[in-house]
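I opened this notebook to record what I looked up in the structure, entry by entry.

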Amino acid sequence: PLVATAELVAAARAAGRGVAAFNVITLEHAEAIAAGAEATGRPAVLQVSQNAVRFHGGRLGPLAAAMAEVAHAADVPLALHLDHVTSVELLRSAPAHGFGSVMFDASALPYARNVAATADAVRWGHEHGVWVEAELGRVGGKDGEPPLDAHAPGVRTDPEEAAGYAAATGVDALAVAVGSSHAMTERTAALDHGLIRRLRRAVPVPLVLHGSSGVPDAELRRAVTAGMVKINIGTALNTAFTGAVRAHLAGHPGVVDPRRYLAPARDAMARTVAHFIGLLDGEAAA
Ligand code: G3H
Ligand code: ZN
């Protein structure tokens with residue numbers, strides 16, 4: 001069934017677990033997320049980024065309809081979320097497309113402008129029943145930018161500033177920079193677990209980890225134990241998808257019907273989804 005992101009995040013937090021949020025690019029991604037979540041019996045979030053909407057000609061409707069349909073039909077609770085939104089117009093189109101939550105991303109702006117833009121987005125969101133996530137600090141690696149120097153000032157999220165930011169914006173969840181970076185194809189990120197614990201103590205709202213594809217299994221379990229709640233995973237699905245397509249094409253040079261290689265690609269993504277969900281009970285369950 002289709003449920004609200006707010007509900008899944010609150011339940012995960014109360015249980016001391018993480019909830020996985022996977023990025024959707026194609027219909028097969030959505031189908032694979034549902035299949036992988038069903039295999040674990042756990043809920044998940046299907047999220048689509050502003051970049052993916054742009055890839056589909058700037059239209060959210062077709063993918064949103066597919067995601068909602070997949071969520072409705074699933075045996076486990078699935079939520080829809082709009083990810084990394086900078087366009088106020090896209091933000092405001094969320095409810096009409098069935099999205100009850102949005103990550104509004106003003107993280108590239110200086111602090112005061114990030115606060116002002118995010119507070120506006122949150123005010124609008126709460127008037128329209130939309131749960132709003134925002135980011136303070138820079139996770140980096142978006143849109144092909146090189147990974148940031150994780151020790152440069154303003155890159156990692158400062159707990160005191162994060163507490164002030166949460167209060168000033170009224171945000172429902174906070175994405176923080178704790179050592180992960182977007183679009184990593186090797187799982188080599190080292191997280192600052194002490195910082196995660198300090199952020200959890202300082203910030204009253206649930207914490208979100210972006211760029212989780214690059215985080216090793218044990219690090220992800222520790223991050224959940226330390227207090228990360230919503231765990232965003234994108235690139236790992238694409239690594240699985242493209243690897244399966246490449247392997248199939250290499251073995252079947254005469255193939256024409258895309259279903260021949262999309263089926264193994266979808267299966268590979270579903271296995272990846274199940275694997276990541278299995279890490280989010282934290283260290284106690286390892
Ligand atoms: O918002 C999406 C996530 O942060 C995904 O990052 O593609 O590096 O896993 P990733
Ligand atoms: Zn992200």
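This is a predicted model: local features need pLDDT of at least 70, side-chain atom pairs count only at pLDDT 80 or more; totals for chains, interfaces and linings use all residues.

**Strand pairing around β7**

I then turned to β6 (residues 131-136), which runs parallel to β7 and is joined to it by four bridges. Here Glu133 is the residue opposite Ala173 of β7.

Which way do the residues of β7 point? I found Ala173 and Ala175 pointing one way from the strand (residues 173-176), with Leu174 and Val176 pointing the other way. All four are buried. In a regular strand, side chains alternate between the two faces of the sheet.

**Leu207**

I checked Leu207, a residue of strand β8. Leu207 counts as buried because 24 other C-beta atoms lie within 10 Å, and the cut-off for that class is 20 or more. Leaving out residues up to four places away in sequence, I listed its contacts as Leu174, Val176, Leu199, Arg200, Gly227, Met228 and Val229. I also noted the C-alpha distance from Leu207 to Ile196, which is 8.6 Å for two residues eleven apart in sequence.

**Pro206**

Where does Pro206 lie? I located Pro206 in the loop between α8 (193-202) and β8 (207-209). Is Pro206 buried or exposed? It has 21 C-beta neighbours inside 10 Å and therefore counts as buried. Apart from neighbours within four places in sequence, Pro206 is in contact with Val9, Arg13, Ala173, Val229 and Lys230. I recorded 8.1 Å between the C-alpha atoms of Pro206 and Gly227, which are 21 residues apart along the chain.

**Helix α2**

I compared the span of helix α2 (residues 27-40) with expectation: its 14 residues should span 20 Å at 1.5 Å a residue, and the end C-alpha atoms are 20 Å apart, so the two agree. The buried residues of α2 that I listed are Glu28, His29, Ala30, Glu31, Ala32, Ile33, Ala34, Gly36 and Ala37. Their cover includes the strands β2 (19-23), β3 (44-49) and β4 (78-85), together with the helices α4 (61-73), α10 (235-251) and α11 (258-277). After α2 comes Gly41, with a positive phi near 70°.

**Shell around ligand 1**

How many residues surround ligand 1? I found 16, the closest being His210, Ser213, Asn232, Gly234 and Thr235. The elements giving two or more residues to this shell are β4, β9 (228-233) and α10. By class, I recorded four nonpolar, eleven polar and one charged residues in the shell.

**The chain as a whole**

The chain contains eleven helices and nine strands. Its radius of gyration is 18 Å, close to the 19 Å given by the globule rule for 286 residues, so the chain is as compact as a globular protein of that length. I noted that its C-alpha atoms fill a box of roughly 60 × 40 × 35 Å along the principal axes. Of the 286 residues, 49% are buried. Among contacts with a separation of 6 or more, 71% are between residues 24 or more positions apart.

Notes:
Residues are numbered from 1 along each chain as its sequence is written. Chains are lettered from A and ligands numbered from 1 in the order in which they are written. The radius of gyration is taken over C-alpha atoms; the globule rule is 2.2 Å times the number of residues to the power 0.38. A residue is buried if 20 or more other C-beta atoms lie within 10 Å of its own, exposed if 12 or fewer, and partly exposed in between; C-beta atoms are placed from the backbone. Two residues are in contact if their C-beta atoms, placed from the backbone, lie within 7 Å. The expected span of a helix is 1.5 Å times one less than its number of residues. A residue is near a molecule or strand if its C-beta atom, placed from the backbone, lies within 6 Å of it. Ala, Val, Leu, Ile, Met, Phe, Trp, Tyr, Cys and Pro count as nonpolar, Asp, Glu, Lys and Arg as charged, and the others, Gly among them, as polar. Two strands pair if DSSP finds at least two bridges between them.
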